[in-house]
Amino acid sequence: MSILVFAEQAEGGPGESALEVITKAASVSPVAVAYLGDGTNAAIETLGAYGAGTVYHLKGGGDLPAAAAAHALAGLVEEETPQAILFAQTYLGRDVAGRLAVRLDRPVISNAVGLDFDEGCSVTSEIFGGSRIVRTAFTGPTPYLVLIRPKSFSAEPTGGSVTRTETRTLPETGHAGSPRVIDKIVERAEGPQLSDAKVIVSGGRGLGDAESYALIEAVAEPLHAATGATRAIVDAGWVPYAKQVGQTGKTVKPEVYMACGISGAMQHLVGMKNSKRIVAINKDPEAPIFSVADLGIVGDLHQVLPKLTEELRTRA
Amino acid sequence: MQVVVCVKQIPDPASPSSLDPASHRLVRPPEQILDDTDRYGIEVGLQLGEKTGGSVTLVSMGPTGTMQGIRQALAMGVDKAVLIDDPNLIGADALTTAKVLAAAARREGFDVLVAGVESTDGYSGVVPQMMAELLEVPALTYARKIEIAGAALRVERQTSAGFDVVETDLPALLAVTAGAVEPRYPTFRGIMAAKKKPVDRLTSDDLAVGGDPRQQVVSVAPASERESGVIVADDGTGHLRIVEFLETAKVI
């Protein structure tokens, strides 16, 4: 048995979520990684350290490489005959997995938070805001395609190394691969990032208006915390998308997550409920966020946050 | 410009959801509503249709029930509905769903095929990409702003770092995020007009899509609950409770 993992570059090397998937895959089987990015020695070494035995370095693919990457992966399936093809559930991961599913005519299971190869392959995922765990088994022919939510597994080096590297140039895909990227805009905030900050302070609709997001930033500063947001206020244009925590945004697992003016919609809970500790401030005592909070303050964040900021500044 | 928009009727998320104990499938009451995220796709479709003098058709798979959600879409201004309500498709996975919707879209003909990034009830988030592959068109997923640029479309796509501005020739698929546009509300005139709009009904046979399910839910269990926390009303010292909590957590 072997597992093929699709991995993409993020910030110079293999993305953290890809390394999580490779670590998990390597715990059950030999792993081949199809890596889309700069095939530097450092990148290949990193992939090996987390469990990749073989690396297929995918080169090219144009501005929107999903169609071409799916084409190349379909070719690798014929050579490797993997039992499963795993993807981190990133933007590109979803785009490639969807297209590959069609090419191979195999179903894909999304939102996996667990994976089991004891008998065939089964996938666990969460529904109803994480209140129920569903186990789904593949019942058809291999390979099984699975999209794995970031932070479902921890990325741990195994001390291994890559024994075989091959470069594959991505094929032309005609009209499907023809879009042109004419500009790339980076909105990434300075300072602590959602992916690795110990503390995250997030705001939602309860802030009332875009200007009140400054209250979130003020509390975050003395805590050296990253700032996050719900889909509602990102959609409303109050803060950039890069701050979104939840199903369509980032999955986070900080030491402390402080939810301010966030009701706790399912779409948000799935992105943060596995935080080690959760504090919630909300006016509505019935808000679902309180069901996952270790400390809940029923009150007006416009009162609580400035006083909290003040107190933290005095201590800092 | 001919636009086809994919929409889905879902159980009202404001009501408690439940699973059928035998099949583990989501219980779908007859009075399902339009998935809120689809209102954005419909608005994108309507604006593209209006700017180019084109038509907008919706395709939808699933139990039609009272048609509340479909009627809402027609009342917003969609010209025609194509519905695939087939018992053979109950419990269909994402790939089967994509095959059905893509076949219906192909049958109607389109320059732009619009869908939401993911549904609120199933959220597999791969149906648009699958449709694009089946139809051999570009997929501009996570689209948050759409403009017509001559014969092409110019689209802002969300990325993990910010966004890309991308241009594509047609035909193409757009998977739009909530927030791409401000969806309109149906007018009284629109609601009246919706009653006379054409509604086609197709089966999986009409679209030549079928096949046995290849995945099966084997168990559903309650998640391990977090230990219930302390909930206090703010009496003016709520901030001190938080400071104390942060100290215990050793982050200050």
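This is a predicted model: local features need pLDDT of at least 70, side-chain atom pairs count only at pLDDT 80 or more; totals for chains, interfaces and linings use all residues.

I begin with a helix of chain B. Twelve of the 17 residues of α1(B) are buried, so this helix is largely enclosed by the rest of the structure. Helix α1(B) covers residues 36-52 and reaches 25 Å from its first C-alpha to its last, close to the 24 Å expected at 1.5 Å a residue. After the helix comes G53(B), with a positive phi near 65 degrees.

I turn now to the sheet. Ten strands form an open sheet with mixed pairing, in the order β11(A)-β9(B)-β8(B)-β7(B)-β10(B)-β6(B)-β1(B)-β4(B)-β5(B)-β11(B). At the edges stand β11 of chain A and β11 of chain B, each with a single partner strand, so one side of each is left without a neighbour in the sheet. On average, neighbouring strands are turned by 30 degrees against each other, direction ignored.

Two pairings deserve attention. Strands β7(B) and β10(B) run parallel and are joined by three bridges; L140(B) has L174(B) as its bridge partner. Between the chains, β11(A) and β9(B) run antiparallel, joined by six bridges, and V186(A) stands opposite G162(B).

Finally, how many residues does each chain give to the contact? Chain B gives 64 and chain A gives 76. On the side of chain B, the elements that give two or more residues include α3, α4, β7, β9 and α6. By class, that side has 36 nonpolar, 17 polar and eleven charged residues.

Notes
Residues are numbered from 1 along each chain as its sequence is written. Chains are lettered from A and ligands numbered from 1 in the order in which they are written. Helices (H or I, at least four residues) and strands (E, at least two) are DSSP runs, numbered from the N terminus. The expected span of a helix is 1.5 Å times one less than its number of residues. A residue is buried if 20 or more other C-beta atoms lie within 10 Å of its own, exposed if 12 or fewer, and partly exposed in between; C-beta atoms are placed from the backbone. Two strands pair if DSSP finds at least two bridges between them. Axes are lines fitted to C-alpha atoms, for helices over the stretch in contact, and angles run from 0 to 180 degrees between N-to-C directions. Two residues are in contact if their C-beta atoms, placed from the backbone, lie within 7 Å. Ala, Val, Leu, Ile, Met, Phe, Trp, Tyr, Cys and Pro count as nonpolar, Asp, Glu, Lys and Arg as charged, and the others, Gly among them, as polar.
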